[in-house]
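Hi,

Here is the structure I said I would pass on. Have a look at it first, and then read my notes below.

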Amino acid sequence: RPRDWSSDVCSSDLEGLADAWRRAARDRRPGDVWQRCLELGLQVLVAGSPDYPDALVDDPQAPPVLFARGDLQLLAARRVAVVGTRNATAAGRQTARSLGGGLALAGVHVVSGLARGVDGAAHHGVLVAEGEGRPIGVVASGLDVVYPREHADLWQAVASSGLLLSEAPPGTPPEAHRFPLRNRIVAALAEVVVVVESRERGGSLITAAAALDRGVPVMAVPGSPGTRAARGTNALLRDGAAPVCDVDDVLMALHLQPIGAVPRAEHRRRPGAEDLELYRALGEGACTVDSLVTATGRPLVVVALGLARLQLAGWVSEVDGWFERVGAPL
């Protein structure tokens, strides 16, 4: 029996939801919302209508209304959700990009929440791959209220080449209580949910729990026991989730033919000789500027400028003063 959703949401969240409903009923007239949908070119999908997604028809917590931009036909094809923490490591973001790109090349559509970190990286991977698989974004605000703001271009790309969905009408802000509710839709639209990175608690674990309640398989990417961003995924693995080491693991879960190592076109400009030496000095783990100065014997300003060039070219990522390689080593 599906779990009572309210057990996953604290009392303050439920109170906030009730307040939001009261405000919406007072401040938004249906005619005004409909006019705004027409202005934005949104499709309005009401439960019971022919265009309402089949995957949600029998869902125990199906949204009564969905607002959509893009190609609804994508919901009739193969779909995998790739989710994870907003505070992803460079390795986690690269894994999400790789999985998104590999699934797209295999013709599988990728569902995610368009959040920072893993979600956005997965959809970037889909868009760069230019395969048959397309991005499907499920967001927690109105489709005219971009969150996070830095994802404005990504939202537009998803809507143009894939599908953007929300149960919130236009103008709805990204209120905190809407995110766990949004995650149930991500889970319900997926045939498999892949968690790339997750802390001990977080939205991606809510998505995983919602998937399990619906009989949707959950898979997880293993991580170092010492990495906080991997504690949630490692716990999922401990509790029986299947591991994901590459895209073929996901394709096999879908009973699709593995495609092997998918070659990824390299669009980054190769570093110059001095920067390449600095890049290789990073090794396989994260390093600080000071450790690179010690390892290379170069002046601090030379190392800092080299790292800046490598970051700008997309070869290095920095998180909290630690630098890591991005992508396959040179």
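**What I found**

Let me start with a loop: His-255 sits between helix H10 (247-253) and helix H11 (273-281). Its phi is positive, near 60 degrees, even though the residue is not a glycine. His-255 is also out in the open, with a relative accessible area of 74%.

Bear in mind that this is a predicted model. The mean pLDDT is 87, and 89% of the residues reach 70 or more. The part to treat with care is residues 1-9, where the pLDDT is below 50. That stretch has 13 contacts in the model beyond near neighbours in sequence.

On the overall picture, the protein has 13 helices and eleven strands. It has 330 residues, and 45% of them count as buried. Among contacts with a separation of 6 or more, 72% are between residues 24 or more positions apart. The exposed surface comes to about 16,100 Å², with carbon and sulfur atoms supplying 53% of it.

Back to the backbone. Leu-114 also has a positive phi, about 60 degrees, and is not a glycine either. You will find Leu-114 in the loop between strand S4 (109-112) and helix H5 (118-129). Is Leu-114 buried or exposed? Buried, because its relative accessibility is 0%, and the cut-off for buried is under 20%.

There is a cis peptide bond too, joining Tyr-147 and Pro-148, with omega at about -5 degrees. Pro-148 belongs to the loop between strand S5 (135-138) and helix H6 (152-161).

Next, have a look around helix H7 (178-188). Eleven of the eleven residues of H7 are buried, so the helix is largely enclosed by the rest of the structure. Those buried residues include Arg-178, Arg-182 and Arg-184, as well as Phe-179, Leu-181 and Ile-185. In the loop between strand S6 (163-166) and H7 you will see Thr-172. Thr-172 is buried as well, at 1% relative accessible area, and its side chain reaches the backbone oxygen of Pro-169 at 2.7 Å.

Last, the surface. Trp-34, Leu-38, Val-44 and Val-46 make a nonpolar patch of about 360 Å². Helix H2 (30-40) and strand S1 (43-46) are the elements that give two or more residues to the patch. Val-44, which lies in S1, is partly exposed, with a relative accessible area of 30%.

Happy to talk it over once you have had a look.

Cheers

Note on methods. Residues are numbered from 1 along each chain as its sequence is written. This is a predicted model: local features need pLDDT of at least 70, side-chain atom pairs count only at pLDDT 80 or more; totals for chains, interfaces and linings use all residues. Side-chain values use heavy atoms; hydrogens and water are left out. Helices (H or I, at least four residues) and strands (E, at least two) are DSSP runs, numbered from the N terminus. Buried means under 20% relative accessible area, exposed over 50%, partly exposed in between (1.4 Å probe, protein chains only). A polar contact is a pair of N or O atoms within 3.5 Å; within protein, one must be able to donate a hydrogen and the other to accept it, and residues adjacent in sequence count only if both atoms are side-chain atoms. Contact means heavy atoms within 4.5 Å. Accessible areas come from the Shrake-Rupley method with a 1.4 Å probe; for residues, only the protein chains shown count as cover. Patches are made of residues with over 30% relative accessible area and no salt bridge: like charges are joined within 9 Å, nonpolar side chains (Val, Leu, Ile, Met, Phe, Trp, Tyr) within 5 Å. A salt bridge is a side-chain nitrogen of Lys or Arg within 4 Å of a carboxyl oxygen of Asp or Glu. pLDDT is the predictor's confidence in each residue, from 0 to 100.
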